[in-house]
Amino acid sequence: RKVPVNLGERSYTITIGYEILEECTAELGTFPLEKEVFLLSDREVHKYYGSSLETLIADQGFKVRTYLMPPGEEAKSWEQAGEILEKMLEGNLGRKAPVLALGGGVVGDIAGFVAALYRRGVPFIQIPTTLLAQVDSSVGGKVAVNHPLGKNMLGTFYQPLAVWADLRTLDTLPDNEWRAGLAEVVKYGIIWDEAFFEFLENHTLEILRRDPSVLPEMIERCCQIKAEVVGRDEKDEGLRNILNFGHTLGHALESATHYKEYRHGEAVAIGMYGAMELAYALGMIEKDVVTRVKDILELWELPIRFPAKFLETVIQNLIYDKKVSDKKVLFILPTAIGKVEMVRDIPQDIIRRVVQENLIL
Ligand code: NAD
Ligand code: ZN
């Protein structure tokens, strides 16, 4: 399956399917590239898929230089990016030698970041291996590293040359990472496509057990929706905000818990449920719409509430969210399944009441 991302001269294709890497690497020769690649991965992912990919690339006549970083969000740092760039310089990597990112969102984000900086930009290919990376982070060109003062605070827009999503790599993904990724999948249904949301409702168990009869369609649809939104607002000046559905509260909770308590998708699940309740409190939707979202999140054992001890910090963080303008938090709220609006003028006391009454364990 192929999903085009239409961004003028920065357009590219997402290839989705089982065991596609042989066919994808065979296309390496069609791009105007030097016969050398810089492969960036983390030790965990490389253990499973590194050497077979290296062989496929070598078969195409490319020399492979591999750099492995430690797994985990802490490695998505300025220091780590500096080390990678140093290795690229020491290896005297050419300006047309592509950076290949084999891994989850952490590897993809930092690979894109160094690819954008090295010699003012070298080509870059995403080979996402987590559900979150396949449906979200590998598409759209947002690349960044974290800073102690804020997540993703140092970054730019830098589109890949191609995205190769091999669904076979998802087999080894731990269950909690799988379910966290599903939160972003649900998000696409709520913000864009009621029929897709119904598809998810009708296949909850197949999806939970990663059944090949539903995964290609599910992941393809997510990529189509992300591509559509990014195609209309590449630089995040308006529409792209809707991808932050559930993230306003989610980010506030991640930050309140110092990114240790919840995976990103888990915090987003709580944030999406919060946004549903907020929309209900504001009279934008009926209760049964809230219940549909709640049901699917609970079925997939995603959290929808958090402990009271984080409440005050969450509320504080909400007020200082980066999407705040004039002290008003931007919420993405549904008016139905498949349709959201950006709402900026919600009084703080309403937000506090809805969170207190619905989101506390
Ligand atoms: P991750 O990259 O940390 O991967 C999660 C864990 O799974 C890691 O320990 C990794 O080693 C392991 N792993 C990865 N693939 C595996 C596989 N196939 N089998 C077994 N283990 C595997 O986390 P993530 O959830 O993929 O990405 C999170 C990051 O993505 C965050 O830094 C977030 O900011 C970023 N992100 C970026 C965008 C964007 O638009 N650029 C969007 C959403 C999220
Ligand atoms: Zn997200």
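Helices and strands here are runs assigned by DSSP, numbered from the N terminus: a helix is H or I over at least four residues, and a strand is E over at least two.

Before I continue, a word on the source. This is a predicted model, in which local features need pLDDT of at least 70 and side-chain atom pairs count only at pLDDT 80 or more, while totals for chains, interfaces and linings use all residues. Residues are numbered from 1 along each chain as its sequence is written, and chains are lettered from A and ligands numbered from 1 in the order in which they are written.

Let me turn to the chain as a whole. Along the principal axes, its C-alpha atoms fill a box of roughly 60 × 45 × 35 Å. Of the 361 residues, 47% count as buried. A residue is buried if 20 or more other C-beta atoms lie within 10 Å of its own, exposed if 12 or fewer do, and partly exposed in between, with C-beta atoms placed from the backbone. Two residues are in contact if their C-beta atoms, again placed from the backbone, lie within 7 Å. Among contacts between residues at least 6 apart in sequence, 75% join residues at least 24 apart.

Next, the ligand. Which residues come nearest to ligand 1? They are Glu44, Pro71, Gly104, Gly105 and Ser137, out of 28 residues around ligand 1. A residue is near a molecule if its C-beta atom, placed from the backbone, lies within 6 Å of it. The elements that give two or more residues to this shell are α2 (43–59), α4 (105–117) and α5 (131–137). By class, the shell has 8 nonpolar, 12 polar and 8 charged residues. Here Ala, Val, Leu, Ile, Met, Phe, Trp, Tyr, Cys and Pro count as nonpolar, Asp, Glu, Lys and Arg as charged, and the others, Gly among them, as polar.

Helix α2 also holds Gly50. With 19 C-beta neighbours inside 10 Å, Gly50 counts as partly exposed. Leaving aside neighbours within four places in sequence, Gly50 is in contact with Ser41, Thr66 and Leu102. From Gly50 to Asp236 there are 186 residues in sequence and 33 Å in space, C-alpha to C-alpha.

I now come to a pair of helices. Helix α11 (residues 264–281) packs against helix α12 (residues 287–299) at an angle of about 170°, with the axes 9 Å apart. The axes are lines fitted to C-alpha atoms over the stretch in contact, and angles run from 0 to 180 degrees between N-to-C directions. The two helices are therefore roughly antiparallel to each other, a term for angles over 145 degrees. On the α11 side, the residues are Ala269, Met272, Tyr273, Met276, Glu277 and Tyr280, and they meet Lys287, Val289, Val290, Val293, Lys294 and Leu297 in α12. The residues of this contact divide into 9 nonpolar, no polar and 3 charged.

Two residues deserve a remark on their backbone. Most residues other than glycine have a negative phi. Glu19, however, has a phi near 50°, a positive value. Glu19 lies in the loop between β2 (12–17) and α1 (21–26). Is Glu19 buried or exposed? Glu19 is exposed, with 10 other C-beta atoms within 10 Å. Tyr259 likewise has a positive phi, near 60°, and is found in the loop between α10 (247–256) and α11. Tyr259 is partly exposed, with 16 other C-beta atoms within 10 Å.

Finally, consider Pro160, in the loop between β8 (150–157) and β9 (162–166). Pro160 counts as buried, with 28 C-beta neighbours inside 10 Å. Which residues does Pro160 touch? Not counting residues up to four places away in sequence, they are Tyr12, Gly112, Phe124, Ile125 and Gln126. The C-alpha atoms of Pro160 and Ala116, 44 residues apart along the chain, are separated by 9.8 Å.

Technical notes:
Angles under 35 degrees count as roughly parallel, over 145 as roughly antiparallel, 65 to 115 as roughly perpendicular and the rest as oblique.
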